[in-house]
Amino acid sequence: MAAEASAALPPLAARWLVLGEWRAHPARVIIGALAIAVGVALGFAVHLVNRTALDSFARAISTVNGAADLQVHGLTPAGFDEALYPKVARLPGVAGASPVVSLAARHSDAGTPEFNAGNGRQRITLLGLDGLRAASVTPSLIGMPINGPGRASGLDPDAIFLSRAALAATGKKPGDRLSLTAAGHSRSFTIAGVLAGAGEDQALAVIDIADAQWRFGQLGRLQRIDVRLAEGADAARVEQALAAILPHDAEIVTARSEAQRSDSLSRAYRVNLEMLAMVALLTGGFLVFSAQSLSVARRSGQFALLRVLGLRRRALVAQVVAEGAVLGLIGAGVGIALGYGLADLAVTLLGGDLGGGYFPEGTVHLRFPPLAALAFAALGVGVAVLSSLLPARAAARAQPAVALKASGDATDPRRQPRSWPGLALLAAGGLAALGPPLFGLPLLGYAAMALLLAGGVAAMPFLARMLLAPLLRAEWPPAIDLALKRLWGAPGAAAVALCGIVASTSLMVAMAVMVTSFRGSVDDWLVQILPSDIYLHVEGAEAGGLDMAAQARLAATPGVGSVHFVRQMPLRLSPELPAVILSGQPVNAADPGARMPLLGDPVPVPAGETAAYISEPMGWLYGLAPGDHVTLPLASGKQRVFVAGVWRDYARQFGAITLDTADFERLTGDASKTEAAIDVAPGASVSAVTDALRARLPDQLRSQTMFAQPRQMRAMALRIFDRSFAVTYALEAIAIIIGLIGVATTFSAQTLARAREFGMLRHIGVKRRQIMMMLATEGALLGLVGVIAGLGLGLMMAQVLIHVVNPQSFHWTMDTRLPWGLFAGLVAALVSAAAGTAVLAGRKALSADAVRAVRQDW
Amino acid sequence: MRLLALVFLLLLGAAAPASAPYAVVKPGVALRFPADHGAHPQFRTEWWYVTGWLKTAKGEDLGFQVTFFRTRPPIDTANPSAFAPRQILFAHAAISDPATGKLLHAQRIARQGFGLAEAATGDMKIVLDEWRMVRRADGRIATRVQGRSFALDLMLAPTQPVLLQGQAGYSRKGPSPAEASHYYSLPQLRVAGTLVRGGKREAVTGTAWMDREWSSKLLNPAAVGWDWLGLNLDDGGALTLFQVRNAKGGAVWAGGSLRRADGRMTVLGPGDVRFLPGRRWRSARTGATYPVAQVVRVTLDGKPRDIPVTPLFDDQELDSRRGGGPVYWEGAVRVPGGRGYLEMTGYQSALKM
């Protein structure tokens, strides 16, 4: 019987031990479980939202693509020669080929577009299809005539079929007229029916291919060929045969490569959000650690008794760990439910990308993924178990004889806390920060942050002594002196109280420094790239914008000092990566930095070569540096250009290439323009010139053209920036609140546990007021130490974010800026919270009769 | 008189505008060959329609049908796009196998162009993806079609001269002289080739009938359907019989022809042909009831003669409603002293134009 009892506690005893403790201190249990719950909830919510957004994005893509087996895409919106179509159709293994004209269109009743990112709703993807071919390749793109089959047909040049999303976006119904503008041409149609198979997500419009070519200036061109493979055909061989006949301005796209592209579109952003959520979970882990440490310390007598009665160490460890696991389980369960609710709320309020701007179109449908829920729950339980392991082992290690006699801080104040584990972890973190990205993600950067955090927390006892040592040398009033001595003598207890607050403070500081630096750099960059008075942008003009005549008319507008016309078009350089933006703009060969925020000096261009200036992300993604060459697949053939410089760009995460206007027109054969930067003549009014410019625009482009001034554009850009970081701010705030709650509970618990000490102090003549003073000082000092450590650690981690995580995930760099105001607020909040809690707890501890307190404290 | 062509016009939304400048069918236009074997793109619709009986090596009797249609939609001819649907080609093929008890069929459709879908003028040469119908220099016609459940690769050898229907190829379809088509047939075609069913290839031989017809206006507004019968007689004769029905089941128009083995030609008018309903078969699939064993009363040389028709099997119905098409019956039939194909339309619901 005794031998059995020693192996493990009988279930009843185990339950009694846990429940007894929890009944005595329900708040602490709740806080611990809540910390885990919040961490799990955030992680799960962010994961859910990301996954949902990605799913709906993929669905939107497959809606437009009509689920063809594979596709040929043009590398630019100009598409490729239609002569490819019969060649593709005749390939062995191809059962059906459906030629497609695909244009970005706006419906003309949408009014003048506003200069902001929210105008995705006015955009409609206009597809020109050969309905007879599409019927067997992409049947979901075939319109259902509203009058029943047999009436209007896909051949009717006046008929347009809309997806439900497009009907909703235009506010029209079948039978109405709809006017669309695309590629600089406007044309109106009768809505003949609905694309029933196109899903709810995508604003799609389908017309006949011949009319699309004719009316929208696409004669002889296709943007896409959808391919259905013959049954049993080997997809790889068909792809190979297809690749052999492909012109240089087209590429093969499969569901796989498309998914990868959409994945890489937002991967870094999603991973960063998930990491932030994990950080919240980690903070929760520290709180569980605090709670468990305290509860173990308080029950050391109980545990000692059990040990004396024959319970083995392993069983004791198992008991404490099991407590943690139960705590984690409760937290995880609540967290999963909370996370689902949170995700639902976030998706409803902010949209599928939490305001990040990565998934501009389409609605999002939330689903519950059981596997992911299980994984996050397991993570929560795991964190709780791990956080309980250390206190459990401490409890098991304690000498039963010593512990039976006295509870509380059993460490000898004369022993110097060890510094090397913390320093080693910090050093490891520093080393990890130097590592390269793994799988295109800054995983080592995150590992570095975790190591720094762990190192910082581990070094806390040592650090607390180091910070307090100078104060000890001075003369202080007794209350303050007592506080200092107490903290100095029991750094382990201080560390336990502090680890949560250090973790959350440092993480918050790191994020805040990064965001401040980023915002400041973006602001500077905006000032640099927007030197002109008026900016003009033709919306949805990828396939054609302002022609030469229109440019001349605009340039001749009275009041215009000078105009810089810009042509931008997307260009796909890699099937796995989203398109880069190729732009043609006036570049001063002698001083290319004049209108471009160049990083470093441009290199001289060898004679006979074409200079290209690439953006910073472009250089990272394609491994390009000044002096390298890059080949551009353009309509005129493959063109090799010389990388003469790199410029800072925060706008196009997937890269941009700038050519001089003359080079751009020579290589692309495209002299139309999509953008213009206008400087007004001295004395001219900006608004008057804007009106005059608008009046001189070609009629069909007027509704597509937006005007803006640099001030507006800067404000808009920063608004978008703040919106995309809104979630980051929210996560930070949650982390700090958890930290504060942790400090409050830990500190009050520690204070309450010291009732006997306070009784003793009262007995030797210390006044009640002095004890309160002592506690306030202790709290303030503890808060101060925590905040200083958190700040230092946070600044270190911010450098990892700025110099490792950001360049590796978003491929841009920034200059460090410090948010001093936030730091000051943080210090004040933490110090006063710690002192306040200490005083409140002290008042409660002192309310008991001093004599009784000395006799018994538990 | 072939239903699918009309359906197909309907599908393309081409039924409405009468203003399109189509060529008009007129009497007294002499047909010239081989040019008239080729396409007539200025007319609204046209077909190359082959039906017949096949015998496999094992001795099974099968019916088959291979048809290519051409139609010219009423579009804006100013559109310079190579995709402008100036001509649409459509092809349909079916196998009637009594062992299966229903039809196997397949189809192709495309707008003409890019060499993928072409109906040549000058001689018979029609390409629609991998489907073909090409007249060779020696006069034989090679055709190849391929569906999911079967494939046919046949050589059709004429054994008789061209049979001009109606008045030297001008064939009336209704009371108005404008309701007419240019119409000739190639009966008694000797067939040899291969049939692939369920992945198995087998040699087949047989006898077939080709109808060539082009027109811009076919049907009288009162018509709701029709019956058409083309029979290769065992003695080498060729008998064509048809009627256009109104809503009451009466004949809006009827006609046909008999060419005897020695080449003597008799043109049959509305008074010479009467379809008398015989045994009826009800389709469980569509609920339509077809007079699958009609008796046709033909007045030849002033003497009425009844020709009882027996189907190869009852369920030779085609339900193309899912593709927006009609329900009709088209299958292999026997008559005493001959074999051929019967088409019956408008029995499930009236054909609306």
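User: Hi! Which residue in β19(A) is the bridge partner of A:Leu598?

Analyst: Hello! In this predicted model, A:Leu598 has A:Trp647 of β19(A) as its bridge partner. A:Leu598 belongs to strand β16 of chain A, residues 598–599, which pairs with β19(A) in the antiparallel sense over two bridges.

User: Thanks. How many bridges join β17 of chain A to β19(A), and do they run parallel or antiparallel?

Analyst: There are five bridges between strand β17 (residues 611–615) of chain A and β19(A), and these strands run parallel.

User: Let's switch to helices. At what angle do α16 and α18 of chain A pack?

Analyst: Helix α16 (residues 460–472) of chain A and helix α18 (residues 491–529) of chain A pack at about 105 degrees, and their axes are 8 Å apart. That angle makes α16(A) roughly perpendicular to α18(A).

User: Which residues make the contact?

Analyst: From α16(A), the contact uses A:Met460, A:Pro461, A:Ala464 and A:Arg465. From α18(A), it uses A:Pro491, A:Gly492, A:Ala494, A:Ala495, A:Leu498, A:Cys499 and A:Val502. By type, the contact residues of α16(A) and α18(A) are nine nonpolar, one polar and one charged.

User: Nice. Where is the kink in α26 of chain A centred?

Analyst: The kink in helix α26 (residues 768–810) of chain A is centred on A:Leu801 and comes to about 35 degrees. After α26(A) comes A:His811, with a positive phi near 65 degrees.

User: Over to chain B. In what order do the strands of the open sheet with β18, β19 and β20 come?

Analyst: The three strands of that chain B sheet are ordered β18-β19-β20, with antiparallel pairing. At the edges are β18 (273–282) and β20 (303–308) of chain B; each has a single partner strand, so one side of each has no neighbour in the sheet. Neighbouring strands of this sheet are turned by 25 degrees against each other on average, direction ignored.

User: Which residue of β20(B) is the bridge partner of B:Val295?

Analyst: B:Pro308 is the partner of B:Val295. Strand β19 (residues 289–300) of chain B and β20(B) pair over six bridges in the antiparallel sense.

User: Speaking of prolines, what kind of peptide bond joins B:Phe33 and B:Pro34?

Analyst: A cis peptide bond, with omega about 10 degrees. You'll find B:Pro34 in the loop between α1 (3–11) and β1 (45–56) of chain B.

User: One more. What is phi of B:Ala168, and what is phi of B:Gln188?

Analyst: B:Ala168 has a phi near 55 degrees, positive in a residue other than glycine, and B:Gln188 also has a positive phi, near 55 degrees. B:Ala168 is in the loop between β10 (163–164) and β11 (170–172) of chain B, while B:Gln188 lies in strand β12 (residues 180–197) of chain B.

User: Is B:Gln188 buried or exposed, and why?

Analyst: B:Gln188 counts as buried because 21 C-beta neighbours lie inside 10 Å, where the cut-off is 20 or more. B:Ala168 is partly exposed, with 15 other C-beta atoms within 10 Å.

Definitions and conventions
Residues numbered from 1 in each chain as written. Chains lettered and ligands numbered in written order. Predicted model: local features only at pLDDT ≥ 70, side-chain atom pairs only at ≥ 80, totals over all residues. Axes fitted to C-alpha atoms, helices over the stretch in contact; angles between N-to-C directions. Helix = DSSP H or I, 4+ residues; strand = E, 2+ residues; numbered from the N terminus. Parallel < 35°, antiparallel > 145°, perpendicular 65-115°, else oblique. Contact = placed C-beta atoms within 7 Å. Nonpolar A, V, L, I, M, F, W, Y, C, P; charged D, E, K, R; others polar. Bend = angle between axes of the 7 residues up to and from the residue. Pairing = 2+ DSSP bridges. Buried ≥ 20, exposed ≤ 12 C-beta atoms within 10 Å, placed from the backbone.
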